[in-house]
Amino acid sequence: MKVVFPIEERCIDCHLCEVACIVEHSETKDPILAYMVEGLSFNEEWSAFTPDPHEALEAGKPKPLNRTRVRNNGAGVSFSMMCRHCEEPKCVEACKNGSLYIAEDGRILLNEDKCVGCWMCIMACPWGAISRNPTRGNVKGLERTAISHKCDLCPDREIPACVMACPTEALIYIEKEEIKNYEVRFSR
Amino acid sequence: MLFYEEKDARETLKLRSLKKGEYHQDYPLYTVVRDNDKCIRCLACVRQCSYEATFYDPVRNVIYNKDEACVGCLRCVAICPTDAITVKRNDTKYRENENWREETIKAIKKQADFGAARLTGLGNDKGYKIYFDHMVLDASQVTNPSIDPLREPMELRTFLGRKPDSVKVEFRNGKLHLKEKIPPQLKLEVPVIFAPMSYGSINFNFQAALAIAAREAGTYFNTGEGGLHQKLREFGSNAIVQVASGRFGVDIDYLEAAAAVEIKIGQGAKPGIGGHLPGEKVTADISRTRMIPEGSDAISPAPHHDIYSIEDLRLLIYAIKEATRYTKPVSVKIAAVHNVAAIASGIARAGADIIVIDGFRGGTGAAPTIIRDHVGIPIELAIAQVDQRLRDEGIRNWVSLIAAGGIRSSADIVKIIALGADAVYIGTAAMVAVGCTLCQQCHRGICAWGITTNRPDLAKRINVDIAAEQLYNLLRGWAIEIREMLGLMGVNSIESLRGNRLKLRGVGLTQEELDVLGIKHAGLQ
């Protein structure tokens, strides 16, 4: 199965993968609307969009969030980290109600309607690739509790959006078995 | 004294030392305009700006610019995912004055604040006449057929090196054999070589890309004076290595790894002065490659201190030839200066196989602005004169001529070859191919496009594979265009074009200029 593989030697810390991820997982698929309008509700009193994600959720337009994050150590090392879609996923093991599951094609997916936001998957993930989604909570009375949030390898696309957006090809879409044979020319 | 012992002079004269940022007499050259409706605050521009000109204010949730730090490199414009940024020339201008133009006033103000020689990168940007743009090419009509390069063979292969005075052959076993041994030659599939850009002035990634592209395209790259990195030794058969006045990184392995050795006497951007790599740019890898201590300034002396005459040059040329057992051509690179023709003749007689002439529009990693803008002559005139002089003296076949400095397109290549060059060096064009926007900040070592910087996070902006592909594409595209131009002139080989000045005509040139170039005015038969 194919996964997105980050190459540290090429990452320039521009965070355009995050932008692409947000746009891909937005309703409008337009960067300006995804960032500036979606997830904001119009406040009649102020005649302006207010950044309250929960109000927006009630209006049926949750703010799209990025499922990959660029990590940077401040000394020139940076790379984009998203779900590795492990063969023996710790997160699925840790999930107590089966909202995280292994799909038929090998992807690790999250049933967002089922997740209760216990964050055990976040604790278990050795890559730190799962984050919280503060726009959504499923438990009645605890709507403001964030559910989990992770990479779904862009089901609507042949090649994930982040891979297409990366200006230096620091993200590649590659078969899992080929990763260990992949050589970055002149790597340190 | 004031200029060379700056610190002491400042103390005795009780001058206060200006610090960075105290430069306040002037207005910024560029202003960055951001469309607030389009800006999504992804902060890509803030992270990409290496000149510290872009900032994010979380309180107001806006991105703003310190315009005085902006150099107009357009990195932010290129990276912005919503095209929200426009970089404009500042509308503020000093009062119009044909004599005291903006750049002159700005230069004086800057110097009054800092009291040092102004440094800059890249080539001469002044409005001197560009002779390439005043020459036009011939084409075949009715009386002579043009050639279709898509259907008929078209030869771009070029050999650089000393050619024998005559070809003597003999029959042996029913076959023709050369009687004399041909001196070592460089074989080029395209008459374009990547110009000397040293490891240090450019980073490893860009030099590696040059090496890969050179091998793919069947041509050469020049290491510049900074030595050849161990990892790039595998590309030795496509490398021309430089021996400059600083002798950085020169040892026998370096000479033996290469396809040819070049003695650098001068550089078009700064004739008569040596290279200078600031200590901050000398990282561990560069110190190992250059064989100098880490963090020390790499300052090449202005002259080679063992070359004060043509005879001395001959000694060095033959020392290198002896060291490499006469297996590699030796080239000598000089800047185009007033009596370049006589100097080139001397170099040919000193035993060089290739002469490189670097015109005054040639680029540099760092040079005093005043020297870059006012010293040297245009490459078109220099090549025309050198070629003519060598022909007149009957020694043109002793050397190959490489033209460098200001080659911008395939048309420039065809024109300079028609004026007498064998091949060209491209440096600035190669940098533009991988992203350079000619912002002329190479000397600062924080190139936002990752070309002339050794900071690891910035150097990563050049992906070796992408850059190599871009460089290869450039050479391939130019080769196709050169073939087309040769075809329409009815010539099927680049050799038939060399020095064929009848294929050129001048437009808008004076008689004097036409005479120097050795071409006729357009309209004359």
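## A crossing of two helices in chain B

H5(B) and H15(B) cross in a right-handed manner, a crossing being right-handed if the near helix is turned clockwise from the far one by less than a right angle, and left-handed if anticlockwise. This is a predicted model, in which local features need pLDDT of at least 70 and side-chain atom pairs count only at pLDDT 80 or more, while totals for chains, interfaces and linings use all residues. Residues are numbered from 1 along each chain as its sequence is written, and chains are lettered from A and ligands numbered from 1 in the order in which they are written.

Helix H5 spans residues 204-217 of chain B and helix H15 residues 464-488, and their axes come within 8 Å and cross at roughly 45°; axes are lines fitted to C-alpha atoms, for helices over the stretch in contact, with angles from 0 to 180 degrees between N-to-C directions. H5(B) and H15(B) are therefore oblique to each other, since angles under 35 degrees count as roughly parallel, over 145 as roughly antiparallel, 65 to 115 as roughly perpendicular and the rest as oblique. Among the residues that make the contact are B:Phe206 and B:Ile212 of H5(B) and B:Leu471 and B:Tyr472 of H15(B), where contact requires C-beta atoms, placed from the backbone, to lie within 7 Å.

The axes of H9(B), residues 340-349, and H11(B), residues 379-392, come within 8 Å and cross at roughly 50°, which makes H9(B) oblique to H11(B). The crossing of H9(B) and H11(B) is right-handed, and its contact includes B:Ala344 and B:Ser345 of H9(B) together with B:Val386 and B:Arg389 of H11(B).

## Chain B as a whole

Chain B contains 17 helices and 23 strands, which are DSSP runs numbered from the N terminus (helices H or I, at least four residues; strands E, at least two). The C-alpha atoms of chain B fill a box of roughly 90 × 55 × 45 Å along the principal axes. Of the contacts in chain B with a separation of 6 or more, 69% are between residues 24 or more positions apart.

## Where chains A and B touch

On the chain A side 18 residues are in contact with 20 residues of chain B. Helix H1 (16-24) and helix H2 (31-36) of chain A are the elements that give two or more residues to this side, and H2(A) gives the most, with four residues.

Key. Contact = placed C-beta atoms within 7 Å.
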